[in-house]
Amino acid sequence: MNKPMEKKEVLQAIVIADSYNENMQPFTGTSPLALLPIVNVPLVDYTLETLCRNGVEEVIIFCSNHIGEVKQYIQKRQAERCSWSVGMTVTIISSTSCRCLGEALRDLDARHIIRGNVILMGIDSITNANLAGLLEEHKRLLKVDAGAVMTIMLKDGVPGMRTGNEVMIAMEPSTRRLLYHQRLAPQQSKGSFELPLELFLINRDVTVCHGLLDPQIAVCSHMALPLFADNFDFLTRDDFVRGVLINEEILNSRIYVSKLAREEYAMRVNNWQSYQMVNLDVINRWVYPLVPDMGISQFLQYYKCYRNNIYRHGDVRLARSSELAGDLAIDRHSSIDENTYLYQSTVGQNCTIGKGCRINNSFLFEGAMIGDGCILDHCVIGKSVAVGSNCQIRDGAVLGEGVEIPSGMKIVKTLVQAAPPDSEWAGASKKLADRAYTVPEEQCEDEYNSDDDDEVKLLNQPVFLGELQRAYSPSIYQPSDDESESGEASPVQEDENIFLSEVVESLKRGFGEQTNAEYLILEINSSRYAYNMALSEVNFYVVKAILQILLLQENVQSNTVGTLRKILAYFGVVFKNYIRDKDAMLDCLKAFEEMSQSHDTIRQKIAQLVHYLYENDLVREEVIIEWYEGLEDESLQKALCKLVDWLNESSDEEEDEDESE
């Protein structure tokens, strides 16, 4: 009797695109949280890149604010064929009426689009953790306990650090079943906590963990969303956890804990202090492979990496007397004038920084303009902000989009927006300048005041940038002393060979099994990040790997071009993904050149193979001619001379036809 075919479970993820609080004001007043830049890359790219790397096939982004901007950005990145858009579908579900995570999940439950176990995370959660492993761990728990409704991810925190991400839990040590959960308020100085006595009377073994980081990442079973739908008092994930713990027997549901390994990173950007920490962590490469120079969600090496974790785009104007002290990222089209000092900061695109400025632990968004003699210390400068000369912006001040600060002004520990409050119900706001108003404090009506509201207010209170309580360790990446600052760091030869062998193995397996070729791009990119390969090297080795597989085929000596046609019928998606522009085409031809040195089959048919690439628009005419003119191997030039003469003649004929017309 034939066994019924098992339906493959599609790996889904829910990403909540809003924080449903005012912690990131004034940025979220004018822009979506999803586009908050971390080292000049929007949060959403980090989230989607992580999910893509973990094999997620469907992502549902639930959005309640600035919906049009989020949709526009996602569509733009998909049109650009960024790395996470390959093999992963992203759907945006929107509802302007949702005001909390519970309402968002109730909306999704009503739509019946979640089909099984699902990864649940916020757009503001940044991690390099193995989420696929977390999912498998949850599936194993379900086999033992059918009531395992959720597995939450936690990580050991830093002693004394309070960002609002920390929790205290009690769990059963053998099964890691959660028994008690309490969130620690930001900057809380309290050193002792009370635990219910029955916790220890009912359970034989209890492990209490204090100060764990909660990045708000979890795996939910199919029972989780219906529980949110049935319990309207579940507004946040903490409400859900508390409700399940109190009513375990009634709901027949249990929650489990998975602790991250020491080398895995996870953090939530839930206020400006954690924003500062995550930026510095990314710069210090703790979120590897999500590091600035790799070009997060891009198929290119975006920054050059210099000593002391200084990342600079190639198109930056830097005055000779300026000083870059370390832990910096400076984006394209930006300029830094004479005698300016920068340390532990990020500078976005098209920023202008004047003479004699001192910038420390500050984050400048796209288009910011800083006048001469300014001091920026532990602050955020929003998009298109203009700061006059000799200003001081410090101690956690945040300037929202379009703010203009006149010369000589000092702003300390203040949130500033460009326009006055647009609602009469907003709190008091002070005018600082024509385009600078303090952000009004959130107002709470008396009828809603309760113990729960006080707890929510305590957890969502503003947390400003400030001196961190810990010193960041040096980066794990340290270029050698003899590395030229004008050159890029190259992997050692051994890494190149390992990378090539991994690419060959991936391509051979894919070709043999005829799997979706787009998945091979994900594998190649994963290997690229693992061995820190420049994009030009990836182009070269991908083509070299394809040629190695070509040589393994039957009848390749008698029908070399036909075999290449057969190979590229499958590998065409991979080939075109990497060989796009002029530089990549040169990399491709150099791979053919190198392979011809050691393989007579390719050397004898080099002209026919290159002609095939030309005829199929895989390599352009001018690239072939440029490559040919730079060849040092005379015998190879001789083999290609007729092809190049033909290309030149056809080019001349086209020019004559154009002139006659």
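**Salt bridges, helices and a patch**

Mentor: Let's begin with D156 and K259, whose side chains meet in a salt bridge with N and O 3.1 Å apart. D156 sits in strand β8 (residues 148-156) and K259 in strand β13 (residues 254-259), so this pair ties together parts that are 103 residues apart in sequence. Keep in mind that this is a predicted model.

Trainee: Okay. How accessible is D156, and what about K259?
Mentor: D156 has 47% relative accessibility, so it counts as partly exposed. K259 is partly exposed too, with a relative accessible area of 36%.

Trainee: How many salt bridges does a search of the whole structure find?
Mentor: The search turns up 24 salt bridges.

Trainee: Are D214 and R183 buried or exposed?
Mentor: D214 is buried, and so is R183.

Trainee: And what about R394, which side chain does that one meet?
Mentor: R394 meets D377 in a salt bridge, at 3.8 Å from N to O. R394 lies in strand β28 (residues 392-394) and D377 in strand β26 (residues 375-381), so here the linked parts are 17 residues apart in sequence. R394 is partly exposed, with a relative accessible area of 23%, whereas D377 is buried at 14%.
Mentor: There's also a network: salt bridges that share partners join R183, D214, R237 and D238.

Trainee: R237 and D238 are new to me. Which helix are they in, and how covered is it?
Mentor: They're in α8, where both R237 and D238 are buried. Helix α8 covers residues 237-246 and is mostly covered, with eight of its 10 residues buried. Others on the buried list include F240, V241 and L245.

Trainee: What caps the N-terminal end of α8?
Mentor: T236 does that: a side-chain oxygen of T236 lies 3.3 Å from the backbone nitrogen of D238.

Trainee: How does α15 compare with a straight helix?
Mentor: A straight helix of 19 residues would span 27 Å at 1.5 Å a residue, but α15 (residues 560-578) spans only 23 Å between its end C-alpha atoms.

Trainee: Where is the kink in α15 centred?
Mentor: The kink is centred on F571 and comes to about 75 degrees. α15 is mostly covered, with 14 of its 19 residues buried.

Trainee: Which residue caps the N-terminal end of α15?
Mentor: That's N559, which has a side-chain oxygen 3.2 Å from the backbone nitrogen of G562.

Trainee: What about L550, where's that?
Mentor: L550 lies in helix α14 (residues 535-551). L550 has 0% relative accessibility, so it counts as buried. The C-alpha atoms of L550 and I567 are 6.8 Å apart, and the two residues are separated by 17 residues along the chain.

Trainee: Now the surface. Which residues make the nonpolar patch?
Mentor: L197, L201 and I202 make a nonpolar surface patch of about 380 Å². I202 lies in helix α6 (residues 198-202), and at 68% relative accessibility I202 counts as exposed.

Trainee: Last one: where is N23 found?
Mentor: N23 is in the loop between β1 (12-16) and α1 (27-30). N23 has a relative accessible area of 5%, so it is buried. A polar atom of the N23 side chain lies 3.0 Å from the backbone oxygen of N270.

Conventions
Residues are numbered from 1 along each chain as its sequence is written. This is a predicted model: local features need pLDDT of at least 70, side-chain atom pairs count only at pLDDT 80 or more; totals for chains, interfaces and linings use all residues. Side-chain values use heavy atoms; hydrogens and water are left out. Helices (H or I, at least four residues) and strands (E, at least two) are DSSP runs, numbered from the N terminus. Buried means under 20% relative accessible area, exposed over 50%, partly exposed in between (1.4 Å probe, protein chains only). A polar contact is a pair of N or O atoms within 3.5 Å; within protein, one must be able to donate a hydrogen and the other to accept it, and residues adjacent in sequence count only if both atoms are side-chain atoms. The expected span of a helix is 1.5 Å times one less than its number of residues. The bend at a residue is the angle between axes fitted to the seven residues ending there and the seven starting there. A salt bridge is a side-chain nitrogen of Lys or Arg within 4 Å of a carboxyl oxygen of Asp or Glu. Patches are made of residues with over 30% relative accessible area and no salt bridge: like charges are joined within 9 Å, nonpolar side chains (Val, Leu, Ile, Met, Phe, Trp, Tyr) within 5 Å. Accessible areas come from the Shrake-Rupley method with a 1.4 Å probe; for residues, only the protein chains shown count as cover.
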